[in-house]
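User: I have a model open and want to go through it with you. Can you take my questions as they come?

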Amino acid sequence: MNVLIVFAHPERHSLNGALLDVAVAELTAQGHEVKVSDLYAMHWKSAIDRDDFPTLADDGPLKVWKASNDGFAADALTPDVKAEQEKLLWADTVILQFPLWWFAMPAILKGWVDRVYASGFAYGVGEHSDQRWGDRYGEGVMAGKRAMLMVTAGGWPEHYSDRGINGPMDDLLFPINHGILFYPGFTVLPPFVAYRVDRMDEAKFAPVAEQLRERMKTLETTTPIPYRKQNFGDYQIPTMELLPGLTPPGARGFEVHLAPERD
Ligand code: FAD
């Protein structure tokens, strides 16, 4: 299996760097091919702007969606973006690894998504009509590939529990898991989250590393998050609202997009 890890930490000699080493060593030991996009080491340009579209005319406003769509169709996106897109197409499994910063991914990784996820590649894919809103949420270019998040957080697990003050971790990660991974078609695995990491030492590191090794061993067999697919009868067209009666009484928020059983 081919595994791409997109690594978003400014310091290679960090806890995240150590966890990356654990993951790469285990995946390699399992016989997988691994590529790492170390975004800070690559000096990844995180802001999408006019420079992303070299063939765009100088005059006139920049419309990112159109420029992205035209640039992708003409194979005219920048070499750094094209290289990342090729890695995504190469990968069977993609892992986004990052420290939780302000309850979200670091800006450099969000900028990777903004630039690499071009129109025609990650969105704007498939038929768009009164009857169909494209191939997304379970379908798309990444269909058949797996993806997961590898996250470290300073907060305690309790802080991220159902009644924890930070809100549930599954809710915080929903926009990434559902909006960034499931949207272009990935099958999304439950995230690996290491909590309370700022006072980590060797004794605390050992069990975390072991849990991570186990997750790397089971990438191909782990049961995915059972998100409902868009085009398989659960949503009304064109409002894209979940049909009434599909969720247990009282269910609300992100959890309504989980199917009781996967298709
Ligand atoms: P490091 O700082 O590199 O290391 C953490 C600890 O692990 C250190 O004690 C280090 O000595 C030890 N360590 C490192 N490597 C090893 C090893 N190989 N073996 C044993 N011990 C080791 N947290 C939240 O919960 N929610 C937030 O919203 C949030 N926002 C943040 C925003 C910012 C801007 C910042 C800077 C931090 C934020 N944090 C938040 C905390 C953040 O998530 C953690 O600091 C981060 O996840 C720690 O990962 P690291 O790789 O940077 O750890």
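User: Which residues does UniProt list for the flavodoxin-like fold domain?

Analyst: UniProt lists residues 1–214 for "domain: Flavodoxin-like fold", in an unreviewed entry. UniProt positions are given in the numbering used here, feature names are shortened, and annotations may be inferred rather than shown by experiment. The model is predicted: local features need pLDDT of at least 70, side-chain atom pairs count only at pLDDT 80 or more, and totals for chains, interfaces and linings use all residues. Residues are numbered from 1 along each chain as its sequence is written, and side-chain values use heavy atoms, with hydrogens and water left out.

User: How far apart are the end C-alpha atoms of residues 1–214?

Analyst: They lie 16 Å apart. The span is 35% helix and 14% strand. Helices (H or I, at least four residues) and strands (E, at least two) are DSSP runs, numbered from the N terminus.

User: Now the ligand. How many residues surround it, and which are closest?

Analyst: 21 residues surround the ligand. The closest are His9, Phe103, Thr152, Tyr160 and Asp198. A residue is near a molecule or strand if one of its heavy atoms lies within 4 Å of it.

User: What does Asn16 do there?

Analyst: A polar side-chain atom of Asn16 lies 2.8 Å from an oxygen atom of the ligand. A polar contact is a pair of N or O atoms within 3.5 Å; within protein, one must be able to donate a hydrogen and the other to accept it, and residues adjacent in sequence count only if both atoms are side-chain atoms.

User: Which ligand atoms go with the backbone of Trp102 and of Phe103?

Analyst: For Trp102, a backbone N or O atom lies 2.8 Å from a nitrogen atom of the ligand. For Phe103, a backbone N or O atom lies 2.8 Å from an oxygen atom of the ligand.

User: Switching to Arg146. Where is it found?

Analyst: Arg146 is in strand E4, residues 146–152.

User: Buried or exposed?

Analyst: Arg146 is buried, yet has no salt bridge. Buried means under 20% relative accessible area, exposed over 50%, partly exposed in between (1.4 Å probe, protein chains only). A salt bridge is a side-chain nitrogen of Lys or Arg within 4 Å of a carboxyl oxygen of Asp or Glu.

User: How about Val3?

Analyst: Val3 sits in strand E1, residues 2–7. Its relative accessible area is 0%, so Val3 is buried. Leaving aside neighbours within four places in sequence, the contacts of Val3 include Leu27, Val34, Trp90, Ile95 and Leu219.

User: And Ser37?

Analyst: Ser37 lies in strand E2, residues 33–38. Ser37 counts as buried because its relative accessibility is 0%. Not counting residues up to four places away in sequence, Ser37 touches Leu4, Ile5, Val6, Phe7, Met42, Glu84 and Lys87.

User: How many salt bridges does the structure hold?

Analyst: 13. One of them joins Asp49 and Lys45, at 3.0 Å from N to O. Lys45 also forms a salt bridge with Asp52, the closest N and O atoms being 2.3 Å apart.

User: What about Asp75 and Lys82?

Analyst: Their side chains meet in a salt bridge, 3.4 Å from N to O. Asp75 is exposed at 53%, and Lys82 is partly exposed at 23%.

User: Which residues do shared partners join into one network?

Analyst: Lys45, Asp49, Asp52, Asp80 and Arg115.

User: Last one, helix H5. What covers its buried residues?

Analyst: The cover includes strand E3 (93–99), helix H4 (107–116), E4, strand E5 (187–188) and strand E6 (192–194). H5 spans residues 169–182, and its buried residues include Met169, Phe174, His178 and Phe182.

Terms used:
Lys, Arg positive; Asp, Glu negative; His and termini not counted. Contact = heavy atoms within 4.5 Å.
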